[in-house]
Amino acid sequence: MLKEIVVNFKKKSLKERFLLVIGMLFFFLYFVLGLIFIFWKNMPITMQPNYRIGFGILLIVYAYIRFTRFFAAQKEEL
């Protein structure tokens, strides 16, 4: 399976590879930002703990939605 992923990655054009990397970068960015909002107690942004945790969960859910939509679109291209 890993070999198929590598072969498909190599078949992509430079633009498609760039968009793949950017898509993964933004997935990790939203995911890590959500974790930061949840676990960083002394955050410089003043928010109530319930709102801070809720916003962190919202960011993680959004990252998951982007991740699933991105790879669903990738599978359709194959």
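This is a predicted model: local features need pLDDT of at least 70, side-chain atom pairs count only at pLDDT 80 or more; totals for chains, interfaces and linings use all residues.
Ground rules: local features need pLDDT of at least 70 and side-chain atom pairs 80 or more, while totals for chains, interfaces and linings use all residues. Numbering runs from 1 along each chain as its sequence is written, and side-chain values use heavy atoms, with hydrogens and water left out.

**Fold.** I found three helices and zero strands, taken as DSSP runs numbered from the N terminus (helices H or I, at least four residues; strands E, at least two).

**Burial.** I get 18% of the 78 residues as buried (under 20% relative accessible area; exposed is over 50%, partly exposed in between; 1.4 Å probe, protein chains only). In helix 2 the buried ones include Phe27 and Phe37.

**Rings.** My search gave six aromatic pairs (Phe, Tyr or Trp rings, the six-membered one for Trp, with centres within 6.5 Å; planes under 30 degrees apart are stacked, over 60 edge-to-face, the rest tilted). Phe27 and Phe67 are tilted, because their centres are 4.7 Å apart and their planes at 35°. That pair links helix 2 to helix 3 (residues 49-77), 40 residues apart. Phe27 is buried at 15%, and Phe67 is partly exposed at 31%. Next I looked at Phe37 and Phe55, which are edge-to-face at 4.8 Å and 80°. This pair also joins helix 2 and helix 3, 18 residues apart in sequence. Last, I noted one aromatic cluster of Phe27, Phe28, Phe31 and Phe67.
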